[in-house]
Amino acid sequence: MEIIKVKDYEAMSEEACAFLVERINRFENPVLGLATGSTPEGLYKRIIEKYNQNEVSFKQVKSFNLDEYVGLEKEDPNSYYYFMKDKLFDHVDITLDNVRVPNGVAADLKEECETHEAAMKAAGGIDIQLLGIGANGHIGFNEPGTPFTSTTHVVDLDESTIEANSRFFNSIEEVPTQAISMGIDTIMRSKEILLLVSGENKAEALAKLINGEVTEDVPASVLQNHANVTVIADEAALSVI
Ligand code: GLP
């Protein structure tokens, strides 16, 4: 695991942008695993700048998102599909047919999970998976206790996650209680992983990920078992190591 320590959120976003752009340019048909949340927002902003400066193109890119809330339509401003369009897809030359965010309003959610897995497989697997981390150590929406063998599945969100994510909603009652998430096994199958971590509230989780025991109680700890992980973290996130 390579750990790159940077000063702050801005430096993390800058470093992550350089990392991702280098790979998008190097690979003929890059397959990206994308993440939502506050953490990658700065990265997406910088990528759009690079696109506007003709330094990167998404024409050959396929992408798969990690997760989506159950029950939110694509047009719902809190859906992760909307987030991706708003923060990245609408501003670069990606083909929307080449992006896949799990459908949180599918009639058959289990079938939707299988379709997400099959689509990733058909694309040849994820080349680079971008990840954030929850304060409780979750990756994607894989909460503590999720089996390492899990593939894309429907998740009951932890109270702590619902509370943390309620900042984006009008009230906590509006936060969905379920989500579709790539599983731990899905994430581990990606060829390379880029994890971004910023802020003191993630420091405990990051310390456990780097130095702790590999256990299903801390989903992110599984990354110790992956051969190609880069962590870009700021000083605050690395403050308890
Ligand atoms: C959310 C998302 C994760 C994200 C994490 C941290 O619940 N499902 O993919 O990495 O929690 O979010 P943030 O970056 O906003 O702190």
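Which residues does Asn136 touch, not counting residues up to four places away in sequence? They are Pro144, Asp158, Ser160 and Ala205, where contact means C-beta atoms, placed from the backbone, within 7 Å.

## Basis

This is a predicted model, in which local features need pLDDT of at least 70, side-chain atom pairs count only at pLDDT 80 or more, and totals for chains, interfaces and linings use all residues. Residues are numbered from 1 along each chain as its sequence is written.

## Overall fold

The protein chain has 7 helices and 10 strands; these are DSSP runs numbered from the N terminus, helices being H or I of at least four residues and strands E of at least two. Its radius of gyration is 17 Å, close to the 18 Å that the globule rule gives for 241 residues, so the chain is as compact as a globular protein of that length. The radius is taken over C-alpha atoms, and the rule is 2.2 Å times the number of residues to the power 0.38. Along the principal axes, the C-alpha atoms fill a box of roughly 45 × 40 × 35 Å.

Of the 241 residues, 42% count as buried (20 or more other C-beta atoms within 10 Å of the residue's own; exposed is 12 or fewer, partly exposed in between). Among contacts between residues at least 6 apart in sequence, 78% join residues at least 24 apart.

## Annotated positions

The unreviewed UniProt entry places the feature "active site" at Asp67, Asn136, His138 and Glu143; such annotations may be inferred rather than shown by experiment. Asn136 is in the loop between strand 6 (128-131) and strand 7 (153-156), and Glu143 lies in the loop between strand 6 and strand 7.

Asn136 counts as partly exposed because it has 19 C-beta neighbours inside 10 Å. Glu143 has 20 other C-beta atoms within 10 Å and is therefore buried. Leaving aside neighbours within four places in sequence, Glu143 is in contact with His138, Val155, Leu157, Asp158 and Thr161.

## Ligand surroundings

Of the 14 residues around the ligand, Gly37, Ser38, Thr39, Gly132 and Gly134 come nearest; a residue is near if its C-beta atom, placed from the backbone, lies within 6 Å. The shell divides into 4 nonpolar, 9 polar and 1 charged. Here Ala, Val, Leu, Ile, Met, Phe, Trp, Tyr, Cys and Pro count as nonpolar, Asp, Glu, Lys and Arg as charged, and the others, Gly among them, as polar.

Methods
Two residues are in contact if their C-beta atoms, placed from the backbone, lie within 7 Å.
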